[in-house]
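Please load the model in a viewer and keep the selection panel at hand. The stops below begin at the ligand and end with the whole chain.

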Amino acid sequence: MSIDPHKENLKVGVIGAGAMGRGIAQVSVTGGMQALIFDTADGAAQKACDFIGGMIDRSVEKGRLSETDGSNAKNNLIAAEKLEDLSDCDLVVEAIVENLDVKQKVFQQIESVVRKETIIASNTSSIRIASIASACTHKDRIAGLHFFNPVPLMKLVEVINATETSAETIEALNVIGKRMGRVPVVVKDAPGFLVNLGGRAYTTEAMRLAAEGVAQPHEIDAIMRDACGFRMGPFELADLTGIDVNFPVSQIIYSGYFYDKRLATSPIHESMMEAGRLGRKTKAGFYDYDDNGQIIYPDLDPKIKDNPAARAYVPEDIEGLEPIARDIGLSILKEDDGISPILVAPVGEDCTSVVHRLGLMSKEP
Ligand SMILES: NC(=O)c1ccc[n+]([C@@H]2O[C@H](COP(=O)([O-])OP(=O)(O)OC[C@H]3O[C@@H](n4cnc5c(N)ncnc54)[C@H](O)[C@@H]3O)[C@@H](O)[C@H]2O)c1
């Protein structure tokens, strides 16, 4: 027997009232469902409800939500005092620390309080769902429901189909994901799933470039943001996600793919973790932050800032790189002049390997 995902007053339990738990609870109530938030830290669940209430008020002010929908959503938000308060939930989504042992224990606790058909999902970024489920009794109702940060803005949600997850559970999560206003995509239960594996190089290559002293984090971010059109650079993203999330995620994916070197992060990543510079949440990470929690950007070298590149050298034309460079107004040099940027497209290999293969390291920067 499975739950009815179309049920009007569907109850979603959210465990963990951090960045992700808050977002998941918010999209649940704006999607017309009830959300009960539980967190072991004192007062954290209530603080999360107050925060979400403020976000809903802002949506109403901006006309994105009607007053009635806003007030219904706020009424559907409940701070749970104990885990047992989630006993009649139809779905429980866990969003606590990225650690297998801790998640397994919490899943066992959830199983001991909810009904046999309640779906239990993890928002884990990288841990195999089958590993979490191995500690549980009814594995067919266990799956992944992986949202992205910030949840209300990021439409995608990965529905992770583990070896023993039932078809009914996956179907129900698809329906509930849509009710939350997301776009659910069913993916396999592999380390990093789809997005965190596919987008791995955005983190690992950036860390490696910074570790090798090729460029500073704020310079790499400026290039990815301002020249390549990404919403955030890799270090801004790492600080937003939290180093205590993305460092373990990097380790789990690296070991999960049997230490494939292309997936390795860099020691500077671990240094941040060890130093407790966890990003925005500690107001210190790859960046420093002001009292309002805004990044304090170091000045960009004026040579870069005021004189954007007019020429580039393209040592090999992979996937039409040269036409793209021409399209953005660069003139292409026949030979490396030693000062202009060199454009490469490291498809299927890492940046360091391409540079090595093409003999580009021997030239002065
Ligand atoms: N931060 C991101 O960008 C992001 C994106 C996608 C997925 N995730 C995943 O979501 C999960 C949570 O990440 P986050 O960034 O929200 O973390 P966070 O540190 O912001 O919040 C975690 C919360 O869980 C609470 N908690 C810890 N142990 C608990 C327990 N046993 N029972 C109840 N509450 C407990 C903590 O008090 C804290 O409030 C992780 O698995 C992470 O990998 C994070």
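Select α1 (19-30) and α4 (100-113): each supplies at least two residues of the shell around the ligand. Helices here are DSSP runs of H or I with at least four residues, strands are E runs of at least two, and both are numbered from the N terminus. The model is predicted: local features need pLDDT of at least 70, side-chain atom pairs count only at pLDDT 80 or more, and totals for chains, interfaces and linings use all residues. Residues are numbered from 1 along each chain as its sequence is written, and side-chain values use heavy atoms, leaving out hydrogens and water.

Next, select the 23 residues around the ligand (a heavy atom within 4 Å). Met20, Asp39, Glu98, Lys103 and Ser125 come nearest.

A backbone N or O atom of Ile96 lies 3.1 Å from a ligand oxygen atom. The protein buries 82% of the 830 Å² that the ligand exposes when taken alone (Shrake-Rupley method, 1.4 Å probe).

Colour domain 1 (11-194) and domain 2 (199-296), whose bounds come from an automatic or database domain assignment. Both give residues to the shell, so the ligand lies between them.

Finally, select the whole protein chain, which has 15 helices and 12 strands. Its C-alpha atoms fill a box of roughly 70 × 45 × 40 Å along the principal axes.

Definitions and conventions. A polar contact is a pair of N or O atoms within 3.5 Å; within protein, one must be able to donate a hydrogen and the other to accept it, and residues adjacent in sequence count only if both atoms are side-chain atoms.
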